Amino acid sequence: MKKLFAKTHIVLAIALVLILLGSIFGGMVHTSFYSVDISEIEFQTERGTLNGLLYMPKGAGEGDQRPVVITTHGYLNTKEMQDAPAIEMSRRGYIVLALDMYDHGDSRWDGDIPVGGQFSTFWLYSMFDAANYVAQQPYTAKDADGNAYISVSGHSMGGFSTLVALYMDEMASLQTGVRNIYAGIAVGADFSYAAAIAPQSAYEAAFGSRTVGIIGGHYDEFFFNKSADEKTPEEAKVQGTVTYKDFCATNSGKSFLGMLPEDPAAESGKYYTVEAPAVTVEDTVVRGPETGTRVIYTPNQTHPWNHFSKEATADLITFYQTAFDGVTSPNQTNANLDANNQVWQWKEFFNMIALIGFFLLMVPLAELLLKLPFLKKAITEKTAPVAAATSTSGKALYWCTLVFSAMIPAILFPTLMDKQDGNIGALLTTACLLIIFGVIAAAFGAREKNKNVMHGGIAVAVVSLVGALVFGFADNILALSPYFVEPTVNQIGYWAVVSGLITLLILVAFYYFNKKEAGTSFASYGITLKPVSIAASLVVALVLVAVGYGLLYLMQALFGVDFRIWTLAVRTFKPEHLIVTLRYAPFFLLYYFINTVALNANTRGRKMGYLISILLNVGGLILWVIAQYGLDFITGVAMCPGQALNGILLFALIPCLAIAAVYARKLYEKTNNVWLAAFLNTTLFTLITCANTALFWNMVPA
């Protein structure tokens, strides 16, 4: 016991050291070794409240005005995803505002958001409103006529917001006589969504004399596609957008660069001098033609890769240096620092170190909490593992079932995430057939006086009935509404519920038709029904999450960082995130409870049990990602070309499920039951998910 206790303290100390050192060194890189002051700012606009991180290089301010870069994220992210351009441009002496768009992170839209109208809020106005705010600040450099030296940039829907802001700024300048936006570059975004405001030709006119760019990856999951009349017959057969593309060769890309459709493909990375046409309003010319600069970059990247790329960051640095050439402050001694001289990767590395410490913290801290008077009641009596198969056929069945269990969530992933009518109908039919099978099995067991078969049939029928209801009423379960206000969490939640039910069906079938007769008791599954043990487990889980997030808030207050790596982030949250987490928690508890039972039932007492548990949770999903993107990069068409957004969601979901598998096994070993692991995984990963995506807080019925 003393040895274990000492080991617990050592692991806890390592976790805390990782969190502290990761945060200290991450903060150092974030501030360019304390040469940049970073503060969180919040300002009111006519549409709501915008929040952001303001990067202010030492010496910059009213007495030394500088060009300003405003950079923002895409649909599922927050301002912290803009670390690379924010760090690199601020260390080059530019003032930077990393912005949370409305309905994301810490920014909020004030007005009502009707269900179905959520995409007509945040990306339309966020960048335009932010630019107007920054243009009024005393630190922003301006020319003699009052035009502000501000560049706007955003990824994905932030890119749409960038394009729209450039257009709106030009329209506003026709009234005010000054431009608030000097340049802009959209990352991972074309004109498709922006066309809701105006046609591409109107944008090209509005850009005028500005320097404007687009970064369009060859493997972007969403955008930069050919128009229907440009596609070959073979290309037209592909139903989806997860394919190879070359924006420089499309009519849209050529037009943006001032070229004609019949011209050869444009050159990536080349700055083109373009005569922007006159701006017309109701067929009246309100501003004559102007000459500006345009550029398209086409890295060999996917959509989310843009965030985490030295190449894309170098393209952004080059763009800003080109756009602001000749207008930087004399005090920006690093303004022309080579574009490949980058340090942001070190912040990401140290963020990851802190993130590892955060996840490592939970188990040793739980061990200490479980020694406290009330909380130790979460520990129950030890039970024998579920009996392992001994015969050759039994072992073969075991491994076949494990492979099936790992693959089914991946195979059904597209169907469940999008609630595809035809495939959901097939699942409903399957569930109905299983109900019939269960009823027949129960009747047969009753006739033969075989209680195991009878109870097993009843259990299969009941679980299948629940599944049939989940499939039959799919459109009403976790549907976007004023209560369930996070679209992607709705998708993941539905997938989790169905995956949990399928796992439960396999569990009850094996228990009653196989394991029980072999001598396995219900207690071997770790489902104790003692109220005091359940209550103590819940308290321990809540304390663990509270302590972990308490450290997060402390590190952010002291060093200005959170815990993250690429798309997986543990970030601070607002009260509304916590409220939304409580709404989704019951659905994820169903999944994590069944998942914890299944992992321990199938792997406890076995060699490589932890590895098998991880593979059960994510093995199929990893293969799905490999097949999806492997085929895309090899053939130019992904395995599921219509799965653009859902594939991206897996980049954060897979590591979360892998960590959850470790917690499920480790905490079971500490408590001899499933409750603590189920409660911790539900609370922690639901909160992580809900705090990192779009939250339409003011949603109202359509």
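1. In this predicted model, helix α16 (residues 575–603) packs with helix α18 (residues 644–671) at an angle of about 65 degrees, their axes lying 9 Å apart; axes are lines fitted to C-alpha atoms over the stretch in contact, with angles running from 0 to 180 degrees between N-to-C directions. The crossing of α16 past α18 is right-handed, that is, the near helix is turned clockwise from the far one by less than a right angle.

2. On the α16 side, Tyr591, Tyr592, Thr596, Leu599, Asn600 and Thr603 meet Leu657, Ala660, Ala661, Ala664, Arg665 and Tyr668 of α18, contact meaning heavy atoms within 4.5 Å. Eight of these residues are nonpolar, three polar and one charged.

3. Helix α8 (residues 310–323) spans 20 Å between its first and last C-alpha, close to the 20 Å expected at 1.5 Å a residue. Ten of its 14 residues are buried, so α8 is largely enclosed by the rest of the structure; buried means under 20% relative accessible area with a 1.4 Å probe, protein chains only. Among the buried residues are Asp315, Phe319 and Tyr320. At the N-terminal end, Ser309 caps α8, with a side-chain oxygen 3.2 Å from the backbone nitrogen of Glu311.

4. In helix α10 (residues 392–411), the buried residues include Tyr398, Leu402 and Ile408, and what covers the buried residues of α10 includes α11, α14, α16 and α17.

5. As to the basis of these points, local features need pLDDT of at least 70 and side-chain atom pairs count only at pLDDT 80 or more, whereas totals for chains, interfaces and linings use all residues. Residues are numbered from 1 along each chain as its sequence is written, and side-chain values use heavy atoms, with hydrogens and water left out.

Conventions:
Helix = DSSP H or I, 4+ residues; strand = E, 2+ residues; numbered from the N terminus. Nonpolar A, V, L, I, M, F, W, Y, C, P; charged D, E, K, R; others polar. Expected span 1.5 Å × (residues − 1). Buried < 20%, exposed > 50% of the residue type's maximum accessible area, 1.4 Å probe, protein only. Polar contact = N/O pair within 3.5 Å; in protein donor to acceptor, adjacent residues only side chain to side chain.
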